[in-house]
Amino acid sequence: MIILLAATTLLVSCGKEKNKDGIYKGSEVSVHEGKSWSAVKLNEEGAPEQFSLVLTDAVLNSVPVGTPPPPGGGHDHSNEFIIPIHKKAAQATPFQFLMLNWNPNGHEPAGVYDSAHFDIHFYMNPRSEVESFTDMAKIDQALPGPDYLPAQHVPGPGVPKMGKHWIDIGSPEFNGQQFSQTFIYGSYDSKIVFYEPMITLKFLKNTFTFERPIPQPARFAETGYYPTKMKVRKHDGVTEITLDGFVLRQAS
């Protein structure tokens, strides 16, 4: 009887750990009047298929727009939200946590990224390490080798407790069109430390399905599964921003 009860308890706990679709959800976080969370989908072998940030419609409908920018401009840390990920996501992907930043007025450069938008940082380092990213020499001078960045990504602003942002000059906003979405890489101390979809509120409110390739570097510093696509999908009162098309890369 004791053995039977123990086995039953184990089966119940396993059922809570994983649903039938192989999706593992992180803890929910309040973002203004809505909720956000992360979710990873694994295949039967435990490899990642999708890794998403999820925003409820209440987030998109409650974030402040047009509020005064922070002193000196740049990123507004008062609208920064730490989104935890499930331990299965940290084991299966290079990512350790998500940092969601809401920019009510956008940020520099003026005339390019000054529309209200979200920065979604998928960090490859623990949060405690990112908090220590304060050495500006390691942000602005200790840069990754060019093979570890996509070809059209050029150095942009360096932000303490975030890292160096690398901007895709092949994106539409640098080629005569208005900014709606782009994909940024981040570095610190010569290493790639985050992937960042950057997407306007207008785009997320008005887009039901979207897919684009993620620009790929020639080399990767660590072996692991890395995404090759970014998708947006709106359904059932939520919007998912998803890294998709994971491919196993070898360190080189």
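Tutor: Two strands are said to pair if DSSP finds at least two bridges between them, a strand being a DSSP run of E with at least two residues, numbered from the N terminus along with the helices (H or I, at least four residues). This is a predicted model, in which local features need pLDDT of at least 70 and side-chain atom pairs count only at pLDDT 80 or more, while totals for chains, interfaces and linings use all residues. Residues are numbered from 1 along each chain as its sequence is written, and side-chain values use heavy atoms, with hydrogens and water left out.

Student: How do you know that strand 14 and strand 15 pair?

Tutor: Seven bridges join strand 14 to strand 15, and the two run antiparallel; since the criterion asks for at least two bridges, they pair. Lys234 stands opposite Thr239 of strand 15. The two strands form a hairpin with two residues between them, and Asp236 in the turn has a positive phi of about 50°.

Student: What makes strand 15 largely enclosed by the rest of the structure?

Tutor: Buried means under 20% relative accessible area, against over 50% for exposed and partly exposed in between, with a 1.4 Å probe and protein chains only. Seven of the seven residues of strand 15 are buried, so the strand is largely enclosed. Both of its faces are covered, with Val238, Glu240, Thr242 and Asp244 buried on one side and Thr239, Ile241 and Leu243 buried on the other.

Student: Why is Phe122 called buried?

Tutor: Phe122 has a relative accessible area of 0%, so it falls within the buried class. Phe122 belongs to strand 7 (residues 117-123). Leaving aside neighbours within four places in sequence, Phe122 is in contact (heavy atoms within 4.5 Å) with residues including Phe51, Leu53, Phe95, Val193, Ile241 and Leu243. The C-alpha atoms of Phe122 and Leu53 are 9.3 Å apart, although 69 residues separate them along the chain.
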